[in-house]
Amino acid sequence: MKDTSDTDFNAGAYSDTAVSGTGNSAGVELENLFGVPPWTTLAATPAAVSAGGSLTAVGTDTLYALGGNNTTNFYKYTISTDTWTTLTAAPAAVSSGGSLTAVGTDTLYALRGTNTTTFWKYTISTDTWTTLAATPATV
């Protein structure tokens with residue numbers, strides 16, 4: 001990490017800072033420090049997401065989501081088109097403790113939560129769920 005002198009910092013050198021005022025009335029404003037665009041409102045999920053809702057990414061353009069909320073809702077979100085697609089429902093309702101993760105480009109693993117030992121595999125290419133061996137303890 002590079003140290004920045006007070007003079008450089010106050011001038012905004014080495015960062016996107018704007019300093020105003022002095023003493024107790026001084027303020028520092030970070031202006032897009034990391035070059036990330038401002039927040040943008042995207043398409044809403046097809047239904048409410050609540051306890052047990054989970055999201056995972058596959059590649060750079062696709063997200064998969066469990067709806068949680070004691071439902072079997074399961075969706076794919078395509079970032080480039082800002083669209084949600086409803087996929088084959090999870091095999092049982094997902095709620096608190098539900099979780100989703102991606103491994104590679106064709107496989108997701110999910111925990112049902114709801115104080116169960118239910119563990120699933122979802123195959124993206126076939127849009128199918130498979131029940132796997134139970135977890136060693138409830139989730």
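In what order do the four strands of the open sheet that contains E3 stand, and is their pairing parallel or antiparallel? The order is E3-E4-E5-E6, and the pairing is antiparallel; here two strands pair if DSSP finds at least two bridges between them, and helices (H or I, at least four residues) and strands (E, at least two) are DSSP runs, numbered from the N terminus. This is a predicted model, in which local features need pLDDT of at least 70 and side-chain atom pairs count only at pLDDT 80 or more, while totals for chains, interfaces and linings use all residues. Residues are numbered from 1 along each chain as its sequence is written, and side-chain values use heavy atoms, with hydrogens and water left out.

**Overall makeup**

The protein chain has one helix and ten strands, and from the N terminus on its elements run α-β-β-β-β-β-β-β-β-β-β. Of its 139 residues, 27% are buried, where buried means under 20% relative accessible area, exposed over 50%, and partly exposed in between (1.4 Å probe, protein chains only). The chain exposes about 8600 Å², of which carbon and sulfur atoms supply 54%; the areas come from the Shrake-Rupley method with a 1.4 Å probe, and for residues only the protein chains shown count as cover. Among the contacts (heavy atoms within 4.5 Å) with a separation of 6 or more, 29% are between residues 24 or more positions apart.

Another open sheet of four strands has the order E7-E8-E9-E10, with antiparallel pairing, and its edge strands are E7 and E10, each of which pairs on one side only. Its neighbouring strands are likewise turned by 25° against each other on average, direction ignored. Strand E7 (residues 99-103) pairs with E8 over five bridges in the antiparallel sense, and Ser99 has Leu111 of E8 as its bridge partner. These two strands form a hairpin with three residues between them, and Gly104 in the turn has a positive phi of about 75°. Four bridges join E9 to E10, where Thr130 is the bridge partner of Lys121.

**Core and aromatic residues**

Leaving aside neighbours within four places in sequence, the contacts of Leu66 include Val49, Phe74, Val94, Leu100, Ala110 and Trp129.

A search of the whole structure finds nine aromatic pairs; rings of Phe, Tyr and Trp (its six-membered ring) pair if their centres lie within 6.5 Å, and planes under 30 degrees apart count as stacked, over 60 as edge-to-face and the rest as tilted. Two of the pairs are listed here.

| Ring pair | Centre distance | Plane angle | Class |
|---|---|---|---|
| Phe74 and Trp129 | 4.8 Å | 65° | edge-to-face |
| Tyr77 and Trp84 | 4.8 Å | 45° | tilted |

The pair of Phe74 in strand E5 and Trp129 in strand E10 (residues 128-131) links distant parts of the chain, 55 residues apart. Phe74 counts as buried at 1% relative accessibility, as does Trp129 at 14%, whereas Tyr77 is buried with a relative accessible area of 4% and Trp84 is partly exposed at 21%. Tyr64, Phe74, Trp120, Tyr122 and Trp129 form one aromatic cluster.

Ser54 lies in strand E3 and is buried, with a relative accessible area of 14%; not counting residues up to four places away in sequence, Ser54 touches Tyr64, Ala65, Leu66, Gly98, Ser99 and Leu100. Ser95, placed in the loop between E6 and E7, counts as buried at 14% relative accessibility, and its contacts beyond four places in sequence include Ala51, Asn69, Arg112 and Thr114.

Definitions and conventions. Axes fitted to C-alpha atoms, helices over the stretch in contact; angles between N-to-C directions.
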